[in-house]
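Please find below a colleague's note on the model shown here.

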Amino acid sequence: MAGDVARKQLQARVGALPWAVRLQLRALEAAVDATQRRDGTVNRFLFSLLVDRQAPANPARPDAGGVRSVDVTVDASTGVRARVYFATGEAGAEADASPRPVIVYFHGGGFTVFSAATRPYDALCRTMCREAGAVVVSVTYRLAPEHRYPAAYDDGEAALRYLAATGLPAEVPVRVDLSRCFLAGDSAGANIAHHVAQRWIAAPATTPPAVHLAGLLLLSAYFGGEDRTESEQALEGVAPIVNLRRSDFWWKAFLPEGADRNHPAAHVTGEAGTEPELPEAFPRAMVVVGGLDPLQDWGRRYAAMLRRKGKEVRVVEFTEAVHAFYFFPALPETGKLVAEIRAFVESVAPNQTT
């Protein structure tokens, strides 16, 4: 009886979302289910027709918020690209402005769909660029199952090497401070951000020193394990987008064939084995969890693991937030999130080390 009451309360909280948001979430769920094939592949052509609208870059003319964007090739051999967002001031003022921090962003999508050009991600990166005063580099990494683990992590490292070796393209008339580089991502992109940070810092002998990781911004991080968490079970069939069936599909698509969810790419919190080795220079982190997101327990476990390792971490909780709430600018939690991101970025002063 108590379980039924709790479930109805969760359903009521999800049902309190604006109808337009619920409609768009249902459309996304339908598109995901319609394009996940039984053989473990994804019909991306159909997915793009159904929901994955693409936004073009605008290198020549800023948007209403003063943000421009340009697409660049990170690695021609793998086809990895990125979209660079930068805000411009008055004519001629860009060259005189102080160097700006850099946010390298990895989009979500269960490792299987979306890109930097996906409209909600394009809009989110524009907002971060404008509000946080940063140059945002949004990476279009290779997707699973065609490119399984560790391809996405390799592509994330490639983006950092690109910045270290090349810097910004000539079309971007702003200076950046690569000692203030933040790795950020949502859902599967947050997973990528964690692993890229771990790999980048752990390999100083082969890593160009120009890029210093000043912080991690993890939104609705997609970690997992064979054991189901309390939030995964309580929100099964209630919360939008993430359920056990879809989540299992995504992990199976991404992880090496034959691996289970306790693989170290998925399970990073130590309950099913040894905790990951984190270098001393592993950056401070901001971990964002939603109270209506089935992944919330994994986010809290991740933050607890960082604390056990002596790392600085701040958990930001939005009680009424669902997975991917940041897709919807009209939700109050999205505005609060942007403010938290800005404060986190601004908390690292120029030349300040972690």
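The numbered points follow, after two sentences on conventions.

This is a predicted model, in which local features need pLDDT of at least 70, side-chain atom pairs count only at pLDDT 80 or more, and totals for chains, interfaces and linings use all residues. Residues are numbered from 1 along each chain as its sequence is written, and side-chain values use heavy atoms, with hydrogens and water left out.

1. Eight strands form an open sheet in the order β1-β2-β4-β3-β5-β6-β7-β8, with mixed pairing. Strands (E, at least two residues) and helices (H or I, at least four) are DSSP runs numbered from the N terminus; two strands pair if DSSP finds at least two bridges between them. Because β1 (67–75) and β8 (313–318) each have a single partner strand, they stand at the edges, and one side of each lacks a neighbour in the sheet.

2. Strand β6 (residues 213–219) runs parallel to β7 (residues 285–290), and four bridges join them. L219 has V288 in β7 as its bridge partner. V288 also stands opposite V316 in β8; six bridges join the parallel strands β7 and β8.

3. Helix α9 (residues 296–308) packs on the sheet, touching β6, β7 and β8, where contact means heavy atoms within 4.5 Å. The direction of α9 makes about 155° with that of β7; axes are lines fitted to C-alpha atoms, for helices over the stretch in contact, and angles run from 0 to 180 degrees between N-to-C directions.

4. Helix α10 (residues 332–346) lies across β3 (100–106), β5 (176–186), β6, β7 and β8, and runs at about 165° to β6.
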